[in-house]
Amino acid sequence: MTALLSTHALKAFYGDAQALFGIDFSLVQGELVAIIGANGAGKSTFLKSLTGLVRAPREAIEFKGRPIGGLPPGDIVRQGLAMVPEGRRLFPSLSVEENLLMGATAARRGPWNLQRLYALFPILAQKRHQPGTSLSGGQQQMVALGRALMSNPEVLLCDELSLGLAPIVIREIYAAMPTITGEGMTVVIVEQDVTMARQVSQRIYCFQEGRVSLEGDSGDLTREQISQAYFGIEAAHG
Amino acid sequence: MVETLVQGVLLGGLYTLFALGQSLMFGVMRLTNTAQGDFIILGAFAVIAGVSLTGDAVAPWLVALAVLPVAFGFGYALQRYVLNGTLGKDPLPSLVVTFGLSIVIQNLLLELFSADPRAIDTGGLSTQGIALGGAMSVGVLPLVVLAIALVATGALQWLFARTALGRSFRAVSDDREIAELMGLNAKKVYAFATAIAFVLIAVAGALQGMRTTVSPSDGPLLLLFAFEAVIIGGMGSFWGTLAGAMILGITQQIGFRLDPGWGIWFGHIVFLVVLVLRPQGLFPKTRG
Amino acid sequence: MKRMTNMPPTLVAVERATAASRAALAVGIALVLVAASLPWWGESSWMREFVEIACYFIFAMMWNLLAGYGGMVSIGQQAFFGFGGYVMLMLGNFAGVNPFVAIPLGALAAGLVAIPVSFVAFRLSGGYFAIGTWVIAEVFRLSFANVSAVGGGSGTTLTALRGIEKATRESTTYWMALACVVAAVALVYLFLRSKRGLALLAIRDNEVAAESQGIPVARMKLAVYVVAAFGAGLAGALYFVGNLRISPDAAFSVNWTAFAIFMVVIGGIGRIEGPLVGALIFWALNKFLSDYGTWYLLGLGLLAILVTLFFKQGLWGYAQQRWGWSLFPTQRKLSPVHAPAGVKASSRG
């Protein structure tokens with residue numbers, strides 16, 4: 001199957017500091033792929049490069065057969081690549097519903113709308129007119145997720161959904177995943193929680209200091225392989 | 001005393017119109033337009049020029065109305081092609097550019113119109129009054145100004161709270177990066193905000209030219225009034241700006257009453273006192 | 001466990017001055033000596049012009065210090081300029097102080113009054129700080145305009161210099177101006193090269209990070225504000241000794257800040273040579289074009305806008321970037337010095 005989204009030797013910089021040293025990545029339609037790695041490994045930078053928040057060379061990123069590196073974020077979301085940003089980043093001056101409506105700015109056709117979102121996360125319907133940032137962490141994460149879904153993307157990128165949330169809340173949010181992927185949406189999750197990542201994904205990439213240190217099917221990789229790739233420790237020779 | 005209060009409120013109406021554009025631009029993009037007052041004066045002179053160009057054929061009100069779409073386009077272009085380039089963490093570029101514009105406008109007007117004060121002839125409207133019980137009468141024009149101020153404030157508030165454009169203004173002001181992630185073109189949103197601000201500026205200029213004489217160097221003082229109204233009222237709220245303008249107008253009138261030389265000074269002092277005691281303003285809108 | 005490879009430690013030398021700057025210092029001293037001799041061979045109009053340009057330059061340099069290094073853009077420094085001038089005049093006219101002595105006293109007064117002013121001004125930041133300082137300057141202007149003892153709105157004359165012969169007065173004013181210029185430049189240069197200067201740069205770049213490193217941000221900002229006010233007051237007092245006549249509109253005019261902004265923006269904010277280059281360009285433009293009145297000012301405004309939009313570093317900054325020019329180096333360059341052969345690399349880190 002041809003890749004829906006792929007990167008080739010992707011490099012990224014923050015000013016003079018290099019954050020990504022050549023990432024090769026590919027994604028086929030319908031997959032749920034997880035990216036794991038320690039803090040500072042470049043996971044968020046990678047997602048930001050995909051969505052246009054960090055500059056990337058034009059040919060380094062391909063989406064639906066077309067190079068999208070360096071395009072403005074608005075163009076990328078209109079083509080069907082949306083992101084749930086790290087740390088939620090809801091708009092404090094907007095209510096829950098208004099935050100969700102902002103996601104629909106891209107005006108793409110698809111199954112996701114306010115009603116469907118409220119059916120998926122009923123608590124949001126109750127709090128729809130409250131300021132977005134007055135909700136609890138988990139509820140804010142639902143809003144952020146919903147906001148990205150409102151653009152009816154083909155590929156959804158989720159940056160650290162579980163950040164700062166209690167385990168029971170994390171489970172609640174990931175419980176919504178099947179509904180999201182059920183209609184064929186392709187999802188990439190960046191996760192610190194390795195167990196959760198292995199559970200929900202079909203394939204895993206492990207990032208370490210700006211490089212891919214491991215890649216494989218979630219079911220095939222051993223815990224030991226993952227730890228070593230995560231921390232960058234060389235295998236001890238027996 | 002009641003008369004002073006009433007005059008203060010009416011003056012506050014005018015100051016509201018001076019300040020709304022400033023409040024809008026700062027609210028949406030953190031841009032301080034130090035040429036605000038000069039653009040108001042430019043608006044007044046635009047109407048004056050329009051009136052003299054059309055002879056007596058067209059009523060000043062209509063000329064003023066015709067200036068509004070021109071102001072909209074001008075504001076849009078100014079933001080899009082000049083001011084957008086000055087936005088960022090450093091306040092210096094926008095300050096220098098708007099300050100430079102202030103100098104350019106003042107000297108351009110001086111060249112085109114000389115330093116003589118001019119006014120827009122409203123055919124006696126500026127002197128008409130309505131009796132308000134007892135021995136007091138208020139001018140019709142100031143009442144019109146107050147009414148326009150109230151409508152403008154309400155309209156802006158409604159625009160921000162209830163329309164998609166207003167939502168974009170708030171979103172882009174909260175978090176430009178994420179707003180762009182949603183698909184907004186921040187540069188165009190900013191340009192729209194300034195375009196609206198300039199319509200308000202043109203209205204303020206036209207009314208100022210009708211109520212009193214204007215001369216090319218009047219701008220800076222109007223800027224200070226606009227600024228004081230915004231700070232006293234508290235940032236983030238248009239009704240707050242109106243309240244701040246009212247307070248400023250009233251304090252100035254009280255000052256004028258005590259001694260004509262100290263009116264404006266008194267307004268400045270009250271502003272500084274508010275700044276020291278309650279720097280967030282009297283009616284600030286708190287962000288989540 | 002991975003082991004880090006053992007690298008020979010490189011010694012680094014800290015370079016603080018370029019060859020060009022050392023030459024410039026020598027040239028500068030020579031220029032000052034030549035300039036000091038001017039009253040004996042130059043025309044008195046030159047001396048008067050120099051005094052005026054000196055005031056512009058000192059004021060601009062202090063504005064530059066405040067904005068470029070302190071990170072505080074003010075449109076109200078004329079408050080201290082005029083205050084210094086008025087204090088000088090009052091000391092001269094009412095307290096019998098020699099006006100030349102009153103110049104530094106006026107500067108001192110301006111520095112002192114900046115302290116209570118800062119309590120108000122520092123409530124604001126960014127663009128609103130700028131306008132707030134303008135309001136404060138207006139309060140100064142209106143206040144002095146209502147004090148009849150100094151002539152109210154129409155101002156008054158500096159009578160204390162009446163008895164002195166014109167030539168003597170002019171040369172003394174000139175030397176005073178020269179001394180002030182040298183002092184101001186030296187003050188700013190030494191300040192910025194010191195540890196405080198580094199701290200200031202850190203604050204300008206990132207206040208929170210600087211605070212977390214133990215830099216007392218609030219105190220430093222106050223210090224810069226007071227020093228800038230002192231300098232503005234110095235320029236003001238000097239100006240009105242040269243002018244002999246003061247009025248609120250002249251003393252507290254926002255044009256002073258406008259010219260300072262122009263000089264600094266053209267020359268380059270945050271660089272010491274900037275105000276110097278800007279002042280020279282401003283002087284030249286003034287000399288040849290000020291007859292055109294409004295068109296000249298309009299041109300200045302346009303130039304400032306264009307330079308801000310397209311030459312973000314100012315013209316001198318552009319030169320610095322492009323060709324590495326630097327006359328007043330405040331940077332410290334690290335250059336690796338290779339250990340001479342035969343020296344064993346010690347097993348440090």
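A: A quick word on terms: a helix axis here is a line fitted to C-alpha atoms over the stretch in contact, and an angle between axes runs from 0 to 180 degrees between N-to-C directions. Keep in mind, too, that this is a predicted model.

With that in hand, let's go to chain B. Helix H10 (residues 238-258) of chain B packs against helix H11 (residues 263-277) of chain B at an angle of about 135°, and their axes are 7 Å apart. Angles over 145 degrees count as roughly antiparallel and 65 to 115 as roughly perpendicular, so H10(B) and H11(B) come out as oblique to each other. Their crossing is right-handed. On the H10(B) side, the contact is made by B:Leu248, B:Thr251, B:Gln252, B:Ile254, B:Gly255 and B:Phe256. H11(B) brings B:Gly263, B:Ile264, B:Trp265, B:Phe266, B:Gly267 and B:Val270 to it. Sorted by class, that contact of H10(B) with H11(B) has seven nonpolar and five polar residues, with no charged ones.

For a second pair, hop over to chain C. There, helix H7 (residues 166-193) and helix H10 (residues 217-243) pack at about 165°, with axes 10 Å apart. Over 145 degrees is the cut-off that matters, so H7(C) and H10(C) are roughly antiparallel to each other. This crossing is left-handed. C:Thr173, C:Met176, C:Ala177, C:Cys180 and C:Ala184 of H7(C) meet C:Gly231, C:Leu234, C:Leu238, C:Val241 and C:Gly242 of H10(C). The class tally for this contact is seven nonpolar, three polar and no charged residues.

While you're in chain C, have a look at helix H12 (residues 255-267). H12(C) has 13 residues and reaches 18 Å from its first C-alpha to its last, close to the 18 Å expected at 1.5 Å a residue. H12(C) is mostly covered, with twelve of its 13 residues buried. Among the buried ones are C:Trp256, C:Phe259, C:Phe262 and C:Met263.

One last stop, in chain A: A:Val96 lies in helix H3 (residues 96-103). A:Val96 counts as buried because it has 29 C-beta neighbours inside 10 Å, and 20 or more is the cut-off. Leaving out residues up to four places away in sequence, A:Val96 touches A:Leu124, A:Lys127, A:Arg128, A:Gln130, A:Gly132, A:Leu135 and A:Val143. A:Glu224 is 128 residues from A:Val96 along the chain, and their C-alpha atoms are separated by 42 Å.

Terms used
Residues are numbered from 1 along each chain as its sequence is written. Chains are lettered from A and ligands numbered from 1 in the order in which they are written. This is a predicted model: local features need pLDDT of at least 70, side-chain atom pairs count only at pLDDT 80 or more; totals for chains, interfaces and linings use all residues. Helices (H or I, at least four residues) and strands (E, at least two) are DSSP runs, numbered from the N terminus. The expected span of a helix is 1.5 Å times one less than its number of residues. Two residues are in contact if their C-beta atoms, placed from the backbone, lie within 7 Å. Angles under 35 degrees count as roughly parallel, over 145 as roughly antiparallel, 65 to 115 as roughly perpendicular and the rest as oblique. A crossing is left-handed if the near helix is turned anticlockwise from the far one by less than a right angle, and right-handed if clockwise. Ala, Val, Leu, Ile, Met, Phe, Trp, Tyr, Cys and Pro count as nonpolar, Asp, Glu, Lys and Arg as charged, and the others, Gly among them, as polar.
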